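Hi everyone, thanks for coming. I'd like to walk you through one structure today, so please have a look at it while I talk.

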Amino acid sequence: NYIYCCAAPTAKTCEPCGTYEIPYPLSTGPNCGDSMYNKFNCTKSTGQVNFMMPEGISYQVTRIEEDTRTFFIQADASYSCSSRRDQNNTPNFPFNVVDCIQDFGIVKFSWQPAPEPPCNRPMDCMNWPYSTCRETSEGGTRCHCDLKYRWNNSIMSCTQG
């Protein structure tokens, strides 16, 4: 059993941005999180996190809730709640609009559970027990679970079964 109290961030977890914890798989850059989820920017000088929408517009993140896999943005008048169906159908965009309160400009998103972690070399999978760095059918490489283990995206680890 591991204790996650005071350990330094691993290559998989992004450093906090101001008061915001950036939980895996969310990503603020190429050296942390999962590249599929690299839609967040951290302004270190202000501690502000922004979320980049598919059309290239960035909105301020107001809250991140790891346990429910949700986060909130503060949208402006240019954001239309009626366009949320289009956003939820954007290919390779692992985020969905859960709730939208146009009058207050608050939009709640969820993120899809993460697939196996990306890797470039075998040692990248050291933090993911019972996994090996292998090619995927989509191209690229990920820490695939070893024989007799299966990826459990709820706890983000390989479990027996």
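This is a predicted model: local features need pLDDT of at least 70, side-chain atom pairs count only at pLDDT 80 or more; totals for chains, interfaces and linings use all residues.

Let me begin with the inside: how many residues does the largest nonpolar core have, and which of them have the most contacts inside it? The largest nonpolar core has 37 residues. Those with the most contacts inside it are Phe-51, Phe-71, Tyr-79, Phe-95 and Phe-109. As a bit of background, in soluble globular proteins, nonpolar side chains tend to be buried together.

Now to the cysteines, which I know some of you have been waiting for. How many disulfides does a search of the whole structure find? The search finds five, and I'll take you through some of them. A quick reminder: a disulfide is a covalent bond between the sulfur atoms of two cysteines.

Start with Cys-14 and Cys-32, which form a disulfide with their sulfur atoms 1.9 Å apart. Both cysteines sit in the segment before strand E1 (40-43), and the pair links distant parts of the chain, 18 residues apart. The angle about the S-S bond is 85°, and the link of Cys-14 and Cys-32 is right-handed. Are these two cysteines buried or exposed? Both Cys-14 and Cys-32 are buried.

Next come Cys-119 and Cys-133, whose sulfur atoms are 2.1 Å apart in a disulfide. Cys-119 is in the loop between E6 and strand E7 (131-135), while Cys-133 is in strand E7 itself, and the two are 14 residues apart. This link of Cys-119 and Cys-133 is right-handed, with 95° about the S-S bond. Both Cys-119 and Cys-133 are buried.

Then we have Cys-125 and Cys-143, another disulfide, with the sulfur atoms 2.1 Å apart. What is the handedness of the link here? With -95° about the S-S bond, the link of Cys-125 and Cys-143 is left-handed. Cys-125 lies in the loop between E6 and E7 and Cys-143 lies in strand E8, so this pair ties together parts that are 18 residues apart in sequence. Both Cys-125 and Cys-143 are buried.

One more cysteine for you: Cys-81, in the loop between E4 and helix H1 (84-88). Its relative accessible area is 15%, so Cys-81 is buried. Not counting residues up to four places away in sequence, Cys-81 touches Cys-100, Ile-101 and Gln-102.

Ile-101 takes us to the surface. Together with Phe-104 and Ile-106, Ile-101 forms a nonpolar patch there, with about 280 Å² of accessible area for the three together. Phe-104 is found in the loop between E5 and E6. Why does Phe-104 count as exposed? Because its relative accessibility is 61%, and exposed means over 50%.

Last topic: charges. A search of the whole structure finds four salt bridges. Asp-34 forms one of them with Arg-142, the closest N and O atoms being 2.8 Å apart. Asp-34 lies in the segment before E1 and Arg-142 in strand E8, so the pair ties together parts that are 108 residues apart in sequence. Asp-34 counts as buried, at 0% relative accessibility, and Arg-142 is buried too, with a relative accessible area of 12%.

For another salt bridge, look at Glu-65 and Arg-63, whose side chains meet at 2.7 Å, N to O. Here Glu-65 is partly exposed, with a relative accessible area of 21%, and Arg-63 counts as partly exposed at 42%.

Finally, the side chains of Arg-121 and Asp-124 meet in a salt bridge at 3.7 Å, N to O. Arg-121 is partly exposed, with a relative accessible area of 44%, whereas Asp-124 is buried, at 15%. That's my tour, and I'm happy to take questions.

Conventions: Residues are numbered from 1 along each chain as its sequence is written. Side-chain values use heavy atoms; hydrogens and water are left out. A nonpolar core is a set of buried Ala, Val, Leu, Ile, Met, Phe, Trp, Tyr and Cys residues joined through side-chain atoms within 4.5 Å. Buried means under 20% relative accessible area, exposed over 50%, partly exposed in between (1.4 Å probe, protein chains only). A disulfide is a pair of cysteine sulfur atoms within 2.5 Å. Helices (H or I, at least four residues) and strands (E, at least two) are DSSP runs, numbered from the N terminus. Contact means heavy atoms within 4.5 Å. Patches are made of residues with over 30% relative accessible area and no salt bridge: like charges are joined within 9 Å, nonpolar side chains (Val, Leu, Ile, Met, Phe, Trp, Tyr) within 5 Å. Accessible areas come from the Shrake-Rupley method with a 1.4 Å probe; for residues, only the protein chains shown count as cover.
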